[in-house]
Amino acid sequence: MATLRQQIATNVLSVTRYRDLLRRVRTNRPNDDMELVRSAYRFSLEHHTGQTRASGQPYLVHPLEVALILADMKLDTTAIAAGLLHDSVEDTSVTIEEISAKFGDQVAHIVEGVTKISKIDFASREEAQAENVRKMMLAMVDDIRVVLIKLADRLHNMRTLEHLSPERQGKIAKETLEIYAPLAHRLGMGKIRGELEDLAFPYVDPVGYDHVAQQVEARRKNGEKLLSQMEDVIREKLKEAHIEARVSSRIKRMYSIYQKLQRQKITVDQMYDLLALRIITSSVNDCYAVLGIIHNAWRPVPGRIKDFIAMPRPNLYQSLHTTIITENGHPFEVQIRTEEMHKMAEEGIAAHWKYKDGPISARDEQRLAWLRQVVEWQRDMADPSEFLSTLKIDLYPEEVYTFTPKGKVVILPRDATPIDFAYTIHTEVGHSCVGAKVNGRIVPLRYKLRSGDIVEILTQTGHKPSRDWLGIAKSSRARQKIKHWLNVHQRERAIEIGRKLIEKEARKYRVSLKDIKDEDLQRVASEYGAARAEDLMAGIGYGKYSAKTVLGKVLPVGASESDEPSSGITSVVKRVFGSDTSAIKVRGHDDLLVYRARCCNPIRGEEIVGYVTRGKGVAVHSKNCPNVENLMYEPERRIAVEWTSKEPRIAGSPQSYPVKLTVFSDDRAGILKQLTAIISDDNTNIRNIEAKTGEGSATIDIIVDINDVAHLNRIVTGLRRIPGIRDVQRIQKL
């Protein structure tokens with residue numbers, strides 16, 4: 001009986017939400033074809049009948065909620081119909097052809113773009129995620145509605161995340177912070193971005209969330225009282241100046257607070273923009289007039305005045321920002337913008353996207369320009385993890401506004417150099433760059449450009465990129481162009497070296513490389529997983545394959561090779577690079593020497609990658625090592641490595657690893673005692689500890705013996721729970 005009542009209640013919910021959907025669409029798009037929405041609802045109802053979500057609700061509730069989010073964006077009925085159908089192909093027996101026949105090519109095309117790709121077999125979770133994002137981006141260039149439906153789909157899934165297992169909650173929340181929230185940000189959709197981040201935050205870092213929540217709640221009452229008083233004062237001053245405007249206030253979002261605390265290593269009390277007032281006027285002139293009124297009434301903080309109206313952000317966000325100090329010493333951020341700017345800041349590209357109103361406008365085209373650039377820059381990028389890391393860089397830029405000598409604005413990431421500037425102008429300008437003048441003065445290529453700099457690139461015919469540039473360039477475009485050039489030319493060099501090594505080895509047997517048949521080389525190449533004999537030669541040149549071993553596979557029967565002792569070399573390398581590498585092996589090879597890279601000191605359980613070095617064996621890096629991106633531009637030198645099944649011993653044994661932790665905390669009595677107690681209670685050895693204090697803060701460096709990633713996470717979580725601890729970071733280089 002209870003089950004029947006529950007089913008009736010959920011059916012009533014579905015019908016209620018469907019009626020809400022029709023009402024919102026009629027209000028927002030009165031001239032659109034409502035029959036398309038009705039038909040899509042009936043089709044979705046028919047094919048999702050009997051399916052339930054993890055919450056126990058009928059599956060139909062999900063596409064309805066997605067469609068409601070799209071209706072709030074004021075999208076057309078084509079997009080809303082596609083939203084109702086977006087899971088039909090993946091989760092039912094429906095085909096794209098059926099959707100095309102019933103709803104038209106446009107709806108089918110959008111549904112196909114949104115359909116998940118879980119049916120395709122990928123080698124790893126990361127590769128699947130990267131390819132999913134790549135397809136989403138390509139689809140977005142073709143039709144923006146694809147990504148808007150993706151965002152709506154993810155938003156509803158995040159709103160109901162509590163019904164999933166903890167493992168899936170963490171995975172989905174992390175993906176939301178890395179992919180979907182940044183996409184919303186770059187489309188200017190501040191409202192959706194904020195909700196996605198705040199919904200994901202407690203699942204990705206529950207300790208950090210609790211820490212921020214406690215501090216915000218402790219200040220909320222006084223903050224809201226101060227904001228209310230400020231609102232009344234500003235309204236009175238605007239009334240005296242005969243300026244019509246709306247005034248509202250807010251306390252900064254939880255995840256934004258967390259990011260700022262992490263980035264700047266400050267306390268909540270040191271944040272200038274924890275409390276903010278927003279003034280929305282009817283014209284740009286009024287915006288600047290209000291700014292003058294605010295600065296006359298309160299003292300502005302130098303360096304905190306930002307004019308995003310004259311110089312909009314790449315996602316076309318516009319507003320005036322200033323920070324003021326009240327008579328009582330409380331800092332406030334004030335944002336001033338017009339109604340249209342406010343709508344754009346909240347809804348982004350969805351605010352003006354009108355498919356029924358004619359062709360795409362020039363401004364809408366500008367909003368998509370960044371995306372086309374990203375897609376173009378990824379064409380030479382085959383590795384999914386590299387694509388994903390590049391995407392993160394591109395989606396969260398902190399801009400520097402520079403100028404060419406002719407006055408053209410060039411927007412670059414923070415800390416960009418003349419090399420980034422040169423590649424933004426043209427690939428060949430980047431390749432042939434030998435120097436730069438900034439504001440008429442010659443500067444080194446490592447010079448960090450600042451907003452307002454006038455940059456002139458000096459070129460030289462025949463000059464080519466250097467691998468060192470990868471450590472200088474900051475923009476993904478410059479780095480990708482440099483890597484592509486190096487990859488092509490290094491490969492040619494590796495093939496040449498490989499041939500010489502084979503020839504040198506063959507001379508010992510009085511055999512010429514010309515005497516070896518091409519089909520024999522091709523056979524050996526296939527055994528090594530290489531497509532062509534050239535790839536085999538490149539592998540030998542990089543040091544990935546042994547010339548002696550390869551030659552042994554193609555020599556005539558009866559040929560013998562001289563014995564050459566190698567144990568001496570192996571023992572020397574092990575003394576130099578450490579003897580604890582028995583925990584790591586090269587996948588598919590038992591005879592290759594491996595060593596843990598000193599730049600990142602990977603520990604058991606971490607994701608690791610191998611890099612073939614010349615004469616030293618295989619260097620094993622943590623996947624998060626900052627050097628990996630620069631090293632891995634040559635795919636031929638990458639090799640799969642894995643941890644062996646040997647269990648780690650107790651801390652301090654040869655199978656434990658020294659790990660350096662840096663703790664940022666309040667400077668108070670007893671905190672060092674609490675830190676060491678947490679570590680020693682876990683039977684963990686402390687090798688070294690150093691502390692520095694000043695201005696109420698403390699920085700404590702601790703080197704401890706760690707068995708594996710689970711052990712490390714346990715220690716870090718324990719330390720972060722101590723009152724007064726602001727952050728705990730692992731420093732990979734000892």
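**Exercise 1.** Which residues of H22 are buried, and what covers them?

*Solution.* Begin with the list: in helix H22 (residues 533-542), where a helix is a DSSP run of H or I of at least four residues, the buried residues, those under 20% relative accessible area with a 1.4 Å probe and protein chains only, are Asp535, Leu536, Met537, Ala538, Gly539, Ile540, Gly541 and Tyr542. Next, look at the cover, which includes helix H20 (476-507), helix H21 (518-527), helix H23 (547-552) and strand S14 (608-613), a strand being a DSSP run of E of at least two residues. Finally, because eight of its ten residues are buried, H22 is largely enclosed by the rest of the structure.

The model is predicted, so local features need pLDDT of at least 70 and side-chain atom pairs pLDDT 80 or more, whereas totals for chains, interfaces and linings use all residues. Residues are numbered from 1 along each chain as its sequence is written, and side-chain values use heavy atoms, without hydrogens or water.

**Exercise 2.** Describe how H9 and H11 pack, and which residues meet.

*Solution.* First take the geometry: helix H9 (residues 144-159) and helix H11 (residues 190-204) pack at about 35°, their axes (lines fitted to C-alpha atoms over the stretch in contact, with angles from 0 to 180 degrees between N-to-C directions) being 10 Å apart. Then take the contact, meaning heavy atoms within 4.5 Å: Leu151, Arg154, Leu155, Met158 and Arg159 of H9 meet Ile192, Glu195, Leu196, Leu199 and Ala200 of H11.

**Exercise 3.** Find the residues that Leu21 contacts beyond its neighbours within four places in sequence.

*Solution.* With those neighbours left aside, Leu21 touches Val37, Leu64, Ala67, Leu68, Ala71, Ile80 and Leu84.

Key. Buried < 20%, exposed > 50% of the residue type's maximum accessible area, 1.4 Å probe, protein only.
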